[in-house]
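Dear colleague,

Please find below the structure I promised to hand over. My notes on it follow directly after.

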Amino acid sequence: MPDPTRPEGPKIIAIANQKGGVGKTTTTINLAAALAETGVRVLIVDLDPQGNASTGLGLDVAARKFTVYDLLLDEAPLGDVIQPTAQDGLSIIPSTVDLSSADIELIANEKRSFLLHDALRQSAMDAYGFDYVLIDCPPSLNLLTVNAMVAAHSVLVPLQSEFFALEGLSQLMLTIREIRQTANPALRIEGVVLTMFDSRNNLSTQVEQDARDNLGELVFRTRIPRNVRVSEAPSYAMSVLSYDPLSKGAQAYRELAQELIENTARIAA
Ligand code: ADP
Ligand code: MG
């Protein structure tokens with residue numbers, strides 16, 4: 001059922017950082033699970049050909065009959081590509097390795113940057129009543145990531161609390177600016193979240209300081225700690241919230257969800 005209190009449809013957030021291994025997929029799965037736990041309806045769009053979000057939520061490759069690739073090429077409607085997950089209120093549009101050729105195949109398509117935007121248009125989404133859509137981007141600023149940013153209201157950037165964390169952020173910010181100037185003037189930065197944080201490690205605290213000095217309010221208060229339960233959960237095809245609900249990782253993602261919801265309220269006001 002569409003929610004009459006949300007006439008503008010779901011809030012669409014691209015989870016992006018062109019570096020690999022910084023916690024994009026982990027944040028997509030667990031933030032989505034934490035939001036769903038509050039009672040809202042969440043859709044994950046797996047836009048990475050590696051399909052880690054799909055696998056991490058237990059979708060067998062064999063069961064991925066229709067994927068985000070079919071959706072982008074307009075070969076399958078939303079209803080065929082949205083799959084339920086084991087968690088209430090959490091659905092996913094899966095991907096497979098097929099998607100890796102999309103970058104090249106779509107070059108000649110004049111709407112190439114708008115394919116996801118058009119597929120997720122409000123009239124098509126209305127029937128599903130999602131409150132949030134989280135898009136898990138590939139580790140690159142390629143056409144797929146551009147599609148995510150054109151379709152999204154905002155970009156959430158996971159930043160690994162490691163050496164060179166901030167390197168590459170300026171390139172990402174430049175891309176966001178370009179997309180604002182061309183295809184999506186309303187695109188905002190939702191925030192930067194520190195991932196794999198270890199408060200006993202000087203490097204982590206240094207990265208945090210640098211991030212807060214350079215990015216100020218854009219950095220979420222919540223830090224996601226490095227937590228072995230977080231890294232174990234995908235092999236059990238679960239979010240960390242289901243796998244170990246009281247773990248530090250699960251608690252941190254709940255806090256991040258709360259902060260995000262407050263963010264949303266602030267923007268709406
Ligand atoms: P990306 O999608 O940006 O490539 P991932 O989310 O796949 O990054 O994370 C990279 C690796 O780090 C994965 O093996 C994941 O399990 C691990 N990881 C991510 N966040 C945490 C965390 N908070 N604690 C421990 N391991 C983590
Ligand atoms: Mg990933």
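The shell around ligand 1 draws its largest share, 3 residues, from α1, and this holds for a model that is predicted. At least two residues of that shell are supplied by each of α1 (24-37), β7 (188-197) and α11 (228-232). There are 17 residues around ligand 1 in total, and those that come nearest are K24, T25, T26, V230 and S231. Sorted by class, the shell has 10 polar residues, 5 nonpolar residues and 2 charged residues.

Helix α1 has 14 residues, and from its first C-alpha to its last it reaches 20 Å, close to the 20 Å expected at 1.5 Å a residue. The helix is mostly covered, with 14 of its 14 residues buried. Just after α1 comes G39, which takes a positive phi of about 105°.

Leaving aside neighbours within four places in sequence, A233 is in contact with M238, S239, V240 and Y243. The C-alpha atoms of A233 and D244 are separated by 8.0 Å, although the two residues are 11 apart along the chain. A237 lies in the loop between α11 and α12 as well, and its phi is near 55°, again a positive value in a residue other than glycine. With 16 other C-beta atoms within 10 Å, A237 is partly exposed.

Helix α9, residues 169-182, has 14 residues and reaches 20 Å from its first C-alpha to its last, which is close to the 20 Å expected at 1.5 Å a residue. Within α9, the residues L172, I176 and I179 are buried. They cover an arc of only 65° around the axis, and this puts them on the same side of α9. What covers the buried residues of α9 includes α8 (143-151), β6 (154-160) and β7. On the face turned away from the buried side, α9 carries the exposed residues S170, Q171, L174, R177, Q181 and T182.

Helix α10, residues 202-215, can be read in a similar order. Its 14 residues should span 20 Å at 1.5 Å a residue, and its end C-alpha atoms are 20 Å apart, which agrees. In α10, S204, V207 and A211 are buried. Seen down the axis of α10, these buried residues fall within an arc of 65°, so they line one face of the helix. The buried residues of α10 pack against β6, β7 and β8 (219-225), whereas the exposed residues N202, Q209 and D213 are carried on the face turned away from the buried side. Just after α10, G216 takes a positive phi of about 50°.

Finally, some values for the chain as a whole. Its secondary structure comes to 13 helices and 8 strands. The radius of gyration of the chain is 17 Å, close to the 18 Å that the globule rule gives for 269 residues, so the chain is as compact as a globular protein of that length. Taken along the principal axes, the C-alpha atoms fill a box of roughly 50 × 40 × 40 Å. Of the 269 residues, 47% count as buried. Among contacts between residues at least 6 apart in sequence, 78% join residues that are at least 24 apart.

With best regards

Definitions and conventions
Residues are numbered from 1 along each chain as its sequence is written. Chains are lettered from A and ligands numbered from 1 in the order in which they are written. This is a predicted model: local features need pLDDT of at least 70, side-chain atom pairs count only at pLDDT 80 or more; totals for chains, interfaces and linings use all residues. A residue is near a molecule or strand if its C-beta atom, placed from the backbone, lies within 6 Å of it. Helices (H or I, at least four residues) and strands (E, at least two) are DSSP runs, numbered from the N terminus. Ala, Val, Leu, Ile, Met, Phe, Trp, Tyr, Cys and Pro count as nonpolar, Asp, Glu, Lys and Arg as charged, and the others, Gly among them, as polar. The expected span of a helix is 1.5 Å times one less than its number of residues. A residue is buried if 20 or more other C-beta atoms lie within 10 Å of its own, exposed if 12 or fewer, and partly exposed in between; C-beta atoms are placed from the backbone. The arc is that of the directions from the helix axis to the C-beta atoms. Two residues are in contact if their C-beta atoms, placed from the backbone, lie within 7 Å. The radius of gyration is taken over C-alpha atoms; the globule rule is 2.2 Å times the number of residues to the power 0.38.
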